[in-house]
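Here's my note on this one, point by point. Have the sequence open beside you as you read.

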Amino acid sequence: MGLERLVNAMLKQGNVIRLPDKSKPTGTLILIRGLPGSGKSTLAESLAANKKGSQWYENDQYFTNVMGDYKFIVEETEQAQTWCRQKVRDAMCDSAPWVI
């Protein structure tokens, strides 16, 4: 099943919630939950890569520098969550077709 068909099937089943913005075209927000190491990031990146203009965000991106090095700092967890929520809001306001 193609990724677009998968998301459309999820929409029909009620597993994806559309959040309309009256002033902008509506996009789709896809939330992925799961255990550590279960493939959430891989799925999110794959979904975003297959829908032009889509964006994906996760808290771990906050802890990754431009060289791709990851360094988790427990004291900054709240800042990472705030950063991630803001990135999602910005992408939704910029009318990304899918925000993951």
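1. Let's start with F63: at 7% relative accessibility, this residue counts as buried. (Buried is under 20% relative accessible area, exposed is over 50%, and partly exposed is in between, with a 1.4 Å probe and protein chains only.)

2. Before going on, keep in mind that this is a predicted model: local features need pLDDT of at least 70, side-chain atom pairs count only at pLDDT 80 or more, and totals for chains, interfaces and linings use all residues. Residues are numbered from 1 along each chain as its sequence is written, and side-chain values use heavy atoms, with hydrogens and water left out.

3. How many aromatic pairs does the structure hold? There are 5. In one of them, the ring centres of Y62 and F63 are 5.1 Å apart and the planes sit at 85 degrees, so this pair is edge-to-face. (Rings of Phe, Tyr and Trp, using the six-membered ring of Trp, pair if their centres lie within 6.5 Å; planes under 30 degrees apart are stacked, over 60 edge-to-face, and the rest tilted.) Ring pairs also join Y57, Y62, F63, Y70, F72 and W83 into a cluster.

4. Now look at helix α2, residues 40-49, where A44, L47 and A48 are buried. They cover an arc of only 95 degrees around the axis, which puts them on the same side of α2. T42 and A49, on the other side of α2, are exposed. (Helices are DSSP runs of H or I with at least four residues, numbered from the N terminus; the arc is that of the directions from the helix axis to the C-beta atoms.)

Methods. Helices (H or I, at least four residues) and strands (E, at least two) are DSSP runs, numbered from the N terminus.
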